[in-house]
Amino acid sequence: MLVSILHRVTGNGLAFAGLGLLLWWLGALASGAAAYDSFAGWVWADLSSLNWGEEPVSSLVKLVLKIVVIGISWSFFTHMASGIRHFVLDIGAGFELGVNRLGSIIAPILGVLLTAAFWALLLLR
Amino acid sequence: MGNGTSIGRVRGLGSAKGGSHHWLLQRFTAIGNLLLVLWLLASILMLPNLAYATVVEWLSAPIPATAMILLVISTFWHARMGVQVMIEDYVHEHANKFASIAALNLAAFAGAAFGVFCVVRLALGAN
């Protein structure tokens, strides 16, 4: 049940927030260097440069956007893991109680692990 | 068609007819998303940095531009079908359901068109 709810929540999250971010990114790229720098400054701000005293609202938005970006990546990997589980079930496999239960436990854990691995590779390179 | 019990109203109507097409396309676009988004994430990891010049140089080349256009089409198509299922599950009133799905279709096609246009603009050197 949890894996089904997660599949729907992450899928719709990706449809709105994920595709919104994708279009913002592509639109900024197509609009030139200044627009791209503005995009990067909003979605992946340098947290140490935030001016909380004079710009509390934009600082908060930048912090939230960072969490949203990480959340979108988690949504993708979780949706991917439960989606692959759907493919297995679609071909008629994995309906035995034990196997089915194991898959429903592995899918969300795999989503978290892949998210952590992606950000580790990106930030520690 | 009867107008009494629930079963009486649907008995003899047969299947919904159009469902398998939606179901299959959801799977086809899912396979496309799996390959294309993993390609995008791997590309992001392999770029030396994510500065404007680096990303534009990468995305302007023929193969990344083609893959990105396919990614936009596949993800928007898949999202349109997935959000439609959610609307059908939670919006029961006919007029609201029609309006929601109409708005969804407008947004999905507009979003995909914008995404494809941005990549084409970059790839054809307008930067």
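Select Leu19(A), Leu22(A), Leu23(A), Leu26(A), Gly27(A), Leu29(A) and Ala30(A) in α1(A), and you will find them meeting Gly111(B), Phe114(B), Gly115(B), Cys118(B), Val119(B), Arg121(B) and Leu122(B) in α5(B); two residues are in contact if their C-beta atoms, placed from the backbone, lie within 7 Å. The residues of this contact divide into 10 nonpolar, 3 polar and 1 charged, where Ala, Val, Leu, Ile, Met, Phe, Trp, Tyr, Cys and Pro count as nonpolar, Asp, Glu, Lys and Arg as charged, and the others, Gly among them, as polar.

This is a predicted model, in which local features need pLDDT of at least 70 and side-chain atom pairs count only at pLDDT 80 or more, while totals for chains, interfaces and linings use all residues. Residues are numbered from 1 along each chain as its sequence is written, and chains are lettered from A and ligands numbered from 1 in the order in which they are written.

Keep the two helices on screen. Helices here are DSSP runs (H or I, at least four residues), numbered from the N terminus. α1(A) and α5(B), the latter covering residues 94-123, pack at an angle of about 30° with their axes 9 Å apart, the axes being lines fitted to C-alpha atoms over the stretch in contact and the angles running from 0 to 180 degrees between N-to-C directions. The two helices are therefore roughly parallel to each other, a term for angles under 35 degrees.

Now move to α4(B), residues 62-90, whose 29 residues should span 42 Å at 1.5 Å a residue, which agrees with its end C-alpha atoms being 42 Å apart; the expected span is 1.5 Å times one less than the number of residues. Its buried residues include Met68(B), Leu71(B), Phe76(B) and His78(B), buried meaning 20 or more other C-beta atoms within 10 Å of a residue's own. What covers the buried residues includes α1 of chain A together with α2 (19-46), α3 (52-60) and α5 of chain B.

Finally, select Pro108(A), found in helix α4 of chain A. Leaving aside neighbours within four places in sequence, Pro108(A) is in contact with Val3(A), Leu6(A) and Thr78(A).

Methods: Angles under 35 degrees count as roughly parallel, over 145 as roughly antiparallel, 65 to 115 as roughly perpendicular and the rest as oblique. A residue is buried if 20 or more other C-beta atoms lie within 10 Å of its own, exposed if 12 or fewer, and partly exposed in between; C-beta atoms are placed from the backbone.
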